[in-house]
Amino acid sequence: MKKSTLEIFRTLVFKLCVWMMLLSAPAAVAQKAVAKLDTAQIRIGEQIHLTFQVSFPKNAKTSWVFSDTLSKSIEVLNRSKIDTSKRASAEGLTDYTQTLTITSFDSGVHVIPAFEFSYLKPKDATVYKLYTDSLTLKVLSVPVDTTANIRDIKAPMKQPLTFREILPYLLIGIGVCLIGALVWYIWWRRRNNKPLISFEHKPKLPAWQEALNSLQETSNKKLPASGKLKQYYTEITDALRVYLSKQHDVAAIEMTSDEILEAFDTLNLSQAAREKLSQVLYLADLVKFAKEQPLDDENARSMTNATGFVMDTKPAETHEPLKTETS
């Protein structure tokens with residue numbers, strides 16, 4: 001009976017211990033800090049990664065910063081961003097991961113010390129700390145064959161030039177050539193007493209020649225044949241009005257036909273010229289305002305009289321008309 005009671009007591013104690021271990025185990029392993037190396041052995045100057053994985057309670061406040069060296073012989077070359085990932089809500093933990101790129105230029109066995117990570121829980125002023133294990137890194141020197149002959153350092157390899165590399169020099173060369181050509185051009189023009197920029201001016205035609213050219217262009221259009229009588233007579237009278245304005249200082253552009261004839265009488269020109277002008281002006285008024293439909297011979301006579309009027313009233317010193325332009 002005593003033995004049975006003792007066995008029962010031992011069983012209860014064992015179960016209680018197991019139950020307490022099970023309850024404390026998650027808390028013991030949940031929050032942790034781990035540091036891992038890619039390899040524990042490198043050659044001098046080689047680079048490896050040192051990864052930190054730290055688990056903190058959810059909503060804990062934490063931060064850490066690594067300096068440029070982990071020890072006097074181990075340098076930090078680069079730091080990755082800190083990645084975070086949350087576990088299931090039942091565990092209530094957040095995992096933080098950061099990777100450092102490290103190297104060493106001193107041969108031998110170097111100790112990477114343990115790292116401390118502190119954090120604060122919400123509404124708790126206690127500072128909690130997690131520690132990683134210390135690590136060792138063996139750095140091997142590069143073997144040198146002292147029996148071999150010493151060789152010269154090889155010169156850098158030459159790469160062919162690309163167009164992108166040549167382009168700036170090419171543009172500078174073109175710019176220098178253009179500037180040189182401009183300076184020479186300015187010097188040459190000034191040496192020959194010429195303006196820097198010369199414009200070619202066409203000789204201005206006399207008023208009578210302009211009138212004959214305009215009448216010839218109207219004649220070439222053959223407007224009466226296409227029924228455009230109003231345009232035909234408008235172009236003829238406009239040519240005569242401009243001619244009288246430029247050649248005889250008569251403001252014919254703003255005058256009626258009667259006013260033009262009155263002004264003509266003050267010019268001391270021939271009666272034959274007046275009759276030609278009168279025939280053209282009055283027939284043009286009938287076509288433009290009364291919709292008169294002249295015969296073909298009347299249309300031809302109007303063009304002949306308009307041309308004859310210009311020839312009769314042009315300056316006396318002009319003997320031969322210039323060659324008219326045809327369209």
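Author: Two strands are said to pair if DSSP finds at least two bridges between them. The model discussed here is predicted.

Reader: How many bridges join strand 6 to strand 7, and which residue in strand 7 is the bridge partner of T84?
Author: Strand 6 covers residues 83–86 and runs antiparallel to strand 7. The number of bridges that join strand 6 to strand 7 is four. Within strand 7, the bridge partner of T84 is Y96.

Reader: Which residue of strand 7 stands opposite R79?
Author: R79 belongs to strand 5, which comprises residues 75–79. Strand 5 and strand 7 run antiparallel and are joined by four bridges. The residue of strand 7 opposite R79 is L100.

Reader: How many bridges join strand 3 to strand 7, and which residue in strand 7 is the bridge partner of T51?
Author: Strand 7 spans residues 93–103 and is antiparallel to strand 3. Eleven bridges join strand 3 to strand 7. L50 stands opposite L100 in strand 7, while the partner of T51 there is T99.

Reader: How many residues of strand 3 and of strand 7 are buried?
Author: A residue counts as buried under 20% relative accessible area. Strand 3, residues 47–57, is mostly covered, with eight of its eleven residues buried. Strand 7 is likewise mostly covered, and its buried residues number nine of eleven.

Reader: In which sense do strand 1 and strand 3 pair, and over how many bridges? Which residue in strand 3 is the bridge partner of V34?
Author: Strand 1 consists of residues 33–37. Its pairing with strand 3 is antiparallel and extends over five bridges. In strand 3, the bridge partner of V34 is Q53.

Reader: What is the strand order of the open sheet of three strands, and what is its average twist?
Author: The order is 2-11-8, with mixed pairing. Strand 2 (41–43) and strand 8 (108–112) are the edge strands, since each pairs on one side only. From one strand to the next, the twist averages 30°.

Reader: How are helix 5 and helix 6 oriented to each other?
Author: Helix 5 (residues 257–264) packs with helix 6 at about 170°, and their axes are 10 Å apart. Angles over 145 degrees count as roughly antiparallel. The orientation of helix 5 and helix 6 is therefore roughly antiparallel.

Reader: Which residues of helix 5 meet helix 6, and how does their contact divide by class?
Author: On the side of helix 6, the residues are A273, R274, L277, S278, L281, Y282 and D285. By class, the contact of helix 5 with helix 6 has seven nonpolar, two polar and three charged residues.

Reader: How are helix 6 and helix 7 oriented to each other, and what is the handedness of their crossing?
Author: Helix 6 (residues 271–289) and helix 7 (residues 296–313) have axes that come within 8 Å and cross at roughly 140°. The two helices are therefore oblique to each other. The crossing of helix 6 past helix 7 is left-handed.

Reader: Which residues of helix 6 make the contact with helix 7, and how do the residues of the contact divide by class?
Author: Helix 6 contributes A273, K276, L277, Q279, V280 and L283. Helix 7 contributes E298, R301, S302, N305, A306, G308, F309, D312 and T313. The residues of this contact divide into six nonpolar, five polar and four charged.

Reader: Is K123 buried or exposed?
Author: K123 lies in the loop between strand 9 (116–120) and strand 10 (127–131). Its phi is positive, about 60°, although K123 is not a glycine. With a relative accessible area of 91%, K123 is exposed.

Reader: Where is K222 found, and what is its relative accessible area?
Author: K222 is found in the loop between helix 3 (207–221) and helix 4 (229–248). Phi of K222 is near 55°, a positive value in a residue other than glycine. K222 is exposed, and its relative accessible area is 57%.

Methods: Residues are numbered from 1 along each chain as its sequence is written. This is a predicted model: local features need pLDDT of at least 70, side-chain atom pairs count only at pLDDT 80 or more; totals for chains, interfaces and linings use all residues. Side-chain values use heavy atoms; hydrogens and water are left out. Axes are lines fitted to C-alpha atoms, for helices over the stretch in contact, and angles run from 0 to 180 degrees between N-to-C directions. Angles under 35 degrees count as roughly parallel, over 145 as roughly antiparallel, 65 to 115 as roughly perpendicular and the rest as oblique. A crossing is left-handed if the near helix is turned anticlockwise from the far one by less than a right angle, and right-handed if clockwise. Contact means heavy atoms within 4.5 Å. Ala, Val, Leu, Ile, Met, Phe, Trp, Tyr, Cys and Pro count as nonpolar, Asp, Glu, Lys and Arg as charged, and the others, Gly among them, as polar. Buried means under 20% relative accessible area, exposed over 50%, partly exposed in between (1.4 Å probe, protein chains only).
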